[in-house]
Amino acid sequence: MHHFFKKVSPVTAVLSPSKNEPPLLQPQELPNEDRNKVDLDDGSALLQPQELPSEDKDKVDLEKLPSDPEERPDIMSYPPNSIEDIRRAYLLRGPCQPRKHNFLSTSNGNRKRKFVSLWFDEFKSWLEYSVTKEAAYCLYCYLFSRLHRNGQDAFVSKGFTAWGKKKRLRDHVGNHTSEHNRCRLACQDLMNQPQHIEVSLLKQSTQSKLNYRCRLNATIVSLRYLIMQGMPSRGHDESEESLNQGNFLELLKVIASCSDEISSVVLKNAPDNLKLTSPRIQKDIINAFGVETTKLIVQDMGNDFFSILINECRDISVKEQMGVVVRYVDKNGCVMERFLGVVHVRNTVATSLEKALDSLLSMYDLSVSSLRGQGYDGASNMRGEFNGLKSLILRRNPSAYYVHCFAHQLQLTIVDVAKKHTSIGSFYNVINRLCNVVGGSCKRKDILREKQRENILEKIASDEITTGTGLNQEMSLKRPGDTRWSSHYGTLINLIHLFSSIADVLEYVGENGDDSYRAEADDVSEIINRFEFIFVLHLMKQILGITHELSQVLQKKDQDIVNAMNLVKVAKARLQIMREEGWEVLLTDVSKFCDKYEIIVLDMDNEFVPRGRVRRTQKMKNLHYYRVEIFCSVIDMQAQELNHRFGETNTDLLLCMACFDPRDSFSAFDLEKLLRLASYYPSEFSGVALDELENQLQSFIFDMRIDENFSQVSGIGGLAQKMVSTRNHEIFPLVYLLVKLSLILSVATASVERAFSAMKFIKSSLRNSMGDQLLQDCLVPYIENDVFVNVTNETIMQRFQKMKNRREML
């Protein structure tokens, strides 16, 4: 981010209230009793409330200013009272420089020319590039040039596209009297607050500067703590008479009570118009938290390739939010998934999502041309073959390959089995009824806890169970989630352990409960004490146990595509082994459970008698029904759905990636497949590069198999980290690039879903009027707290100071 300064002319230096006044707070962001009040203790307001100009209602949202130069309107078309703030916002953001963009080539005679990204380094303070128009612009001249309205300079009006004439870039800069340099000095003067006339009039002393720094630091420390904990800052009543002024002010009091130095400059001891506690000040500092955290993330990404993970969710105020996570490989070879932000979208059609994504990426000088992977769920607007977001991005960048979220596919696998098999669907209906009866009231939950306690004491007295730290903890019958089928596994586990206590609760409700629940309790009690229910309960516990492990592993951020494919193979193999060898084990477990709770065990040689109305004309034995109709049928359906849902793992691209698996001394290594993998990325591996890659791969595999450092490496992620630590990534740069491209492809969108969980915590029912920008600024440091801790208070101070003219200087 580049910072510049402004020299104020005698005319423009006149104190202008409309320019220096900060935008009013939005009513929905204030408590009810504060909506008609405006705090002016932020050091940037020089007017009294009754003097606020009416033009403030036209203030522009500085966070939504377009990043692409072509999409920006004329700077003079904005409301006059907002122009200075807009100029400052663009200078803080810096020029739009998408370095990894696939710049469009244009014909120049017999040769093709295009923009060179190295020009950004040579003219880094002002040169911009429009991805929309594929043209270059000047940031300084856009903000201050008088030629903008006359269209006399291509860098100001239509955009520069004469790529074969680099000399014109230097000609545009010109000598010290040129229009460009006049604009550059104006930008420098704007950001040079100490020479502004309003600051000079205040005649700050050295002590007042020290007091201001101490006061600002205390405010930052307080807000940093609240953001890290995901806590709100404002209170319902923040008046001086209130006994609880809210988290921020109360925390500031605690900090002041611990230090006389801080206490002497904050709250009541601070100047009335410079307390640094107003809502606007809080929002400015929180915005600095979010911007500087994201800045570190983008710096860690560098100019390398990345993939995106996207999902949608409604927040508490019923707004559709699109969450974006970037996945990349850092300089240490570690796979990183970082939260980039949320964008409010008015509709969820693919074109709207694409536009929102472009806006977010351009804000951080990222480009769709740098994408090498996409990860979404199975919604049609995401993965649609013709008009989905996946297809729209693939048209612009064919190397941005899409992988359907493995965790989502696994969830759909279990859902389909439950829907298709009658006995399994009926079983889950009973589970829902059981949860409603047993957990429908606090009284029945208390009865369950008491019954569980009595059973545990009896077992301890009879030495059936042992005591110890962490043993015999209180359990409850968890209600399974509709969208998280791994939660069903926990429900079944608890049902097996609490079966006796649950049976006692059902008996109690059937005898003493309300009339509306007695019949339901008796009916459910009769069903769960049947052999068929117990059989399906143990069968689904074993099947969900296999898929539950896979689901948990797929939630890890650093999971790579090869490990995920291997885990799916393991799950399929375990299901096959269970089908071939698990019948006797399952039947033995079911029989023991039935004997323990005095449930009638069916004789497998007897004729099967169906419940209810007889619909079967074909007679069968119990053995055939339970082993073939349920046991084998459910396992076969599960395996079939796994093969169907994970069919993408059989594509050539993913199979080629498996050749990098370092297990068993790179036994899966296949030179031909790896070269074919490289051919999927023509931008990185041209014809000459492929020949060089082939030579590097041959040397690479020979070196890896004899190097003891790589003998214990597991997974492609471990291979990348070991290559960096042993500096082999410098010896085999093309091989390492291919490894990184394999790691960038995402396995699951769990990181986005975790971000939405955090969003529900930040934007709760008590904070449902939070604006979109404040939500973004709170979410980024809260989710990426390991990055946020590296943002120093001094960095926050400097950014806060440059956001607008402040009454005090640091």
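Here are some notes on this predicted model, from the whole chain down to a few local spots.

1. Let's start with the overall make-up. The chain holds 35 helices and nine strands. Of its 810 residues, 52% count as buried. The accessible surface of the chain is about 38,100 Å², and carbon and sulfur atoms own 49% of that area.

2. Next, a helix pair to bring up in your viewer. Helix 19 covers residues 499–512 and helix 20 covers residues 515–528. Their axes come within 7 Å and cross at roughly 145 degrees. The crossing of helix 19 past helix 20 is left-handed. On the helix 19 side, the contact is made by F499, L506, V509, G510, E511 and N512. Helix 20 brings Y517, R518, A521, D522, V524, S525 and I528 to the contact. Sorted by class, seven residues of this contact are nonpolar, three are polar and three are charged.

3. Aromatic rings deserve a look of their own. The count of aromatic pairs comes to 34. One of them joins F593 and Y597, with 4.8 Å from centre to centre and 55 degrees between the planes. That angle makes the pair tilted, because the tilted class lies between the stacked cut-off of 30 degrees and the edge-to-face cut-off of 60. Both partners, F593 and Y597, are buried.

4. F103, F115, W119, F120, F123, W126, Y129, F155, F160 and W163 together form one cluster.

5. Finally, a loop residue. K158 sits in the loop between helix 4 (139–144) and helix 5 (167–173). Is K158 buried or exposed? K158 counts as exposed because its relative accessibility is 61%, and the cut-off for exposed is over 50%. Even so, K158 does have partners beyond its neighbours within four places in sequence: K158 is in contact with K133 and Y137. For Y137, the C-alpha to C-alpha distance from K158 is 8.4 Å, while the two residues are 21 apart in sequence.

Terms used. Residues numbered from 1 in each chain as written. Predicted model: local features only at pLDDT ≥ 70, side-chain atom pairs only at ≥ 80, totals over all residues. Heavy atoms only, no water. Axes fitted to C-alpha atoms, helices over the stretch in contact; angles between N-to-C directions. Helix = DSSP H or I, 4+ residues; strand = E, 2+ residues; numbered from the N terminus. Left-handed = near helix turned anticlockwise from the far one by under 90°. Contact = heavy atoms within 4.5 Å. Nonpolar A, V, L, I, M, F, W, Y, C, P; charged D, E, K, R; others polar. Buried < 20%, exposed > 50% of the residue type's maximum accessible area, 1.4 Å probe, protein only. Areas by Shrake-Rupley, 256 points an atom, 1.4 Å probe, with all protein chains shown as cover. Phe/Tyr/Trp six-rings, centres within 6.5 Å; stacked < 30°, edge-to-face > 60°.
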